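Have the chain open as you read.

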Amino acid sequence: MASKAVRGMDRKERKRQPGPIRAENAFMQAAIDEALEGIGRGHGGPFGCVIVRDGEIVGRGHNRVLAEHDATAHGEVNAIRDAGRRLGTHDLRGCELYTTGEPCPMCLCACLWANIDRVWYGCSIADNARIGFRDEAFDARFGSRESFGDYLKETDREACLELFDAYLGTGPETY
Ligand SMILES: [Zn+2]
């Protein structure tokens with residue numbers, strides 16, 4: 001199963017560890033909480049996102065692909081739209097984005113269009129693929145991410161892997 005591949009740990013063993021998912025970074029924690037809300041409501045995949053400016057959350061979103069019947073309703077896109085509405089601008093320079101899964105090519109490009117300064121992600125593209133999403137296959141068509149350098153930074157992968165496991169435990173519909 002994906003979970004075993006992701007963590008290299010027995011699934012039953014992990015299920016014995018109760019308690020909430022705790023991230024080191026408070027903004028990634030908010031992104032995880034956003035994702036959990038979406039999972040609980042059956043909105044879509046385990047992808048939550050917050051946008052931060054000057055230490056404050058100015059936008060939030062989670063994956064709503066199933067809820068909206070919209071293939072583009074990814075957490076990052078929804079958070080960018082939310083921040084734009086709240087701040088009254090399409091220009092999000094000075095903002096950093098936190099997302100539970102490394103952005104797909106569509107969302108990464110949306111971050112560039114929005115002038116987001118930096119993207120922090122928990123699980124990698126490969127992790128996204130291991131729980132049944134097509135990110136890696138799509139990404140391969142666009143080539144390497146090396147050119148993004150410091151623009152994409154990983155944080156709290158362990159906590160986000162727990163989130164992915166919680167999602168898998170719901171027996172979700174993949175798309
Ligand atoms: Zn995306």
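At what angle do helix 3 and helix 9 pack, and how far apart are their axes? First, two ground rules. Residues are numbered from 1 along each chain as its sequence is written. What you see is a predicted model, in which local features need pLDDT of at least 70, side-chain atom pairs count only at pLDDT 80 or more, and totals for chains, interfaces and linings use all residues.

Back to the helices: helix 3 and helix 9 (residues 157–168) pack at about 5°, with axes 11 Å apart. Helices are DSSP runs of H or I with at least four residues, strands are runs of E with at least two, and both are numbered from the N terminus. Axes are lines fitted to C-alpha atoms, for helices over the stretch in contact, and angles run from 0 to 180 degrees between N-to-C directions.

| Helix pair | Angle | Axis distance |
|---|---|---|
| Helix 3 and helix 9 | about 5° | 11 Å |
| Helix 5 and helix 6 | about 20° | 8 Å |

Helix 3 and helix 9 are therefore roughly parallel, a label for angles under 35 degrees. On the helix 3 side, the contact (C-beta atoms, placed from the backbone, within 7 Å) uses Met28, Ile32, Ala35 and Ile39. Helix 9 brings Ala159, Cys160, Leu163, Ala166 and Tyr167. That's 9 nonpolar residues, no polar and no charged; Ala, Val, Leu, Ile, Met, Phe, Trp, Tyr, Cys and Pro count as nonpolar, Asp, Glu, Lys and Arg as charged, and the others, Gly among them, as polar.

Over at helix 5 (residues 75–87) and helix 6 (residues 105–113), Glu76, Val77 and Ile80 meet Cys107, Ala110 and Cys111. This contact splits into 5 nonpolar, no polar and 1 charged.

Now the sheet: 5 strands make an open one in the order 2-1-3-4-5, with mixed pairing. Strands pair if DSSP finds at least two bridges between them. Strand 2 (56–62) and strand 5 (152–154) sit at the edges, each pairing on one side only. Neighbours are turned by 20° on average, direction ignored. Helix 3 (residues 26–40) packs on this sheet, touching strand 1, strand 2, strand 3 (95–101) and strand 4 (118–123).

Strand 1 (residues 48–53) pairs with strand 2 in the antiparallel sense over 6 bridges. Val52 faces Ile57, while Gly48 has His62 as its bridge partner. Between these strands lie 2 hairpin residues, and Asp54 there has a positive phi near 50°.

Terms used: Two residues are in contact if their C-beta atoms, placed from the backbone, lie within 7 Å. Angles under 35 degrees count as roughly parallel, over 145 as roughly antiparallel, 65 to 115 as roughly perpendicular and the rest as oblique.
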